[in-house]
Amino acid sequence: MEVTQQQAPQNTGWIEVVAGCMFSGKTEELIRRLRRAQIARQKVLIFKPRIDNRYSSNQIVSHNTQSLESIVIDKAEDILLHAKDAQVIGIDEVQFFDMSIVGICNKLADEGKRVIVAGLDQDYRGVPFEPVPQLLSVAEYITKTLAICVVCGNPADRTQRKIANADRVVVGAADSYEARCRKCHYIPD
Ligand code: ZN
């Protein structure tokens with residue numbers, strides 16, 4: 001669910017998580033929420049991990065090419081160096097940070113900020129992709145985005161890797177991955 005302007009908690013921060021597989025619209029949803037906060041004249045900062053160099057180095061860009069200026073950081077702690085005056089903090093590709101991101105998101109929310117994170121909730125094998133499960137646990141608001149299975153057309157929540165590679169992280173886009181449902185997903189070997 002999404003928190004609307006009318007229902008937004010007063011005098012406190014909170015955490016929103018947008019989680020799902022690749023091609024499910026996570027980044028579009030993050031951008032949409034952040035843009036609305038900007039229109040409301042809130043001070044918005046957007047972070048993303050350096051690992052993700054596709055398309056653009058200092059913007060968050062979704063597969064359908066919406067973009068926002070973002071701050072590229074090497075480790076989760078770097079958010080705290082920038083975040084002081086921000087009212088709304090967006091974090092994209094949050095699965096690429098280590099577990100310290102959970103405490104940092106909690107700290108920011110405890111300080112009264114709205115924290116919106118987007119990321120993969122499962123790896124290419126369908127295994128929960130920490131720290132996203134932990135973030136889901138501490139968030140007030142959770143949205144699971146579903147893609148469309150390219151094989152059967154069902155709602156899809158798994159990321160199918162189309163190349164053989166046992167590394168958990170292989171950064172790529174449409175050429176290496178596709179969205180599939182539970183029934184059509186398999187683990188490549
Ligand atoms: Zn399917």
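Is cysteine 105 buried or exposed, and at what relative accessibility? Cysteine 105 counts as buried because its relative accessibility is 0%.

## Overall composition

The structure described here is a predicted model. The secondary structure of its protein chain consists of four helices and twelve strands. The chain has 189 residues, and 50% of them are buried.

## The six-stranded sheet

Six strands form an open sheet with parallel pairing, in the order E5-E2-E6-E7-E1-E8. Its edges are strand E5 (71–73) and strand E8 (141–145), each of which pairs on one side only. From one strand to the next, the twist averages 20°.

## Strand E2 and its partners

Strand E2 covers residues 44–49 and runs parallel to E5, to which three bridges join it. In this pairing, lysine 48 has valine 72 of E5 as its bridge partner. E2 also runs parallel to E6, here with four bridges. Leucine 45 has isoleucine 89 as its bridge partner in E6.

E2 is mostly covered, with six of its six residues buried. Val44, Ile46 and Lys48 point one way from the strand, while Leu45, Phe47 and Pro49 point the other way; all are buried.

## Helix H1 across the sheet

Helix H1 (residues 26–39) lies across several strands: E1 (14–20), E2, E6 (88–91), E7 (114–120) and E8. Relative to E7, H1 runs at about 165°. The length of H1 agrees with expectation, because its 14 residues at 1.5 Å a residue should span 20 Å and its end C-alpha atoms are 20 Å apart. Just after H1, arginine 41 takes a positive phi of about 60°.

The buried residues of H1 are Lys26, Thr27, Glu29, Leu30, Ile31, Arg33, Leu34 and Ala37. One of them, glutamate 29, has a relative accessibility of 16% and therefore counts as buried, the cut-off being under 20%. With its neighbours within four places in sequence left aside, glutamate 29 is in contact with Glu2 and Val18.

## Cysteines

Cysteine 149 has a relative accessible area of 3% and is therefore buried. Cysteine 105, at 0% relative accessibility, likewise counts as buried. A disulfide requires a pair of cysteine sulfur atoms within 2.5 Å, and by this rule the count comes to zero disulfides.

## Proline 133 in helix H4

Proline 133 is located in helix H4 (residues 132–138). Its relative accessibility is 26%, so proline 133 counts as partly exposed; that class lies between the buried limit of under 20% and the exposed limit of over 50%.

Proline 133 and glutamine 95 are separated by 38 residues in sequence, while their C-alpha atoms are 9.6 Å apart in space.

Methods: Residues numbered from 1 in each chain as written. Predicted model: local features only at pLDDT ≥ 70, side-chain atom pairs only at ≥ 80, totals over all residues. Heavy atoms only, no water. Helix = DSSP H or I, 4+ residues; strand = E, 2+ residues; numbered from the N terminus. Buried < 20%, exposed > 50% of the residue type's maximum accessible area, 1.4 Å probe, protein only. Pairing = 2+ DSSP bridges. Axes fitted to C-alpha atoms, helices over the stretch in contact; angles between N-to-C directions. Contact = heavy atoms within 4.5 Å. Expected span 1.5 Å × (residues − 1).
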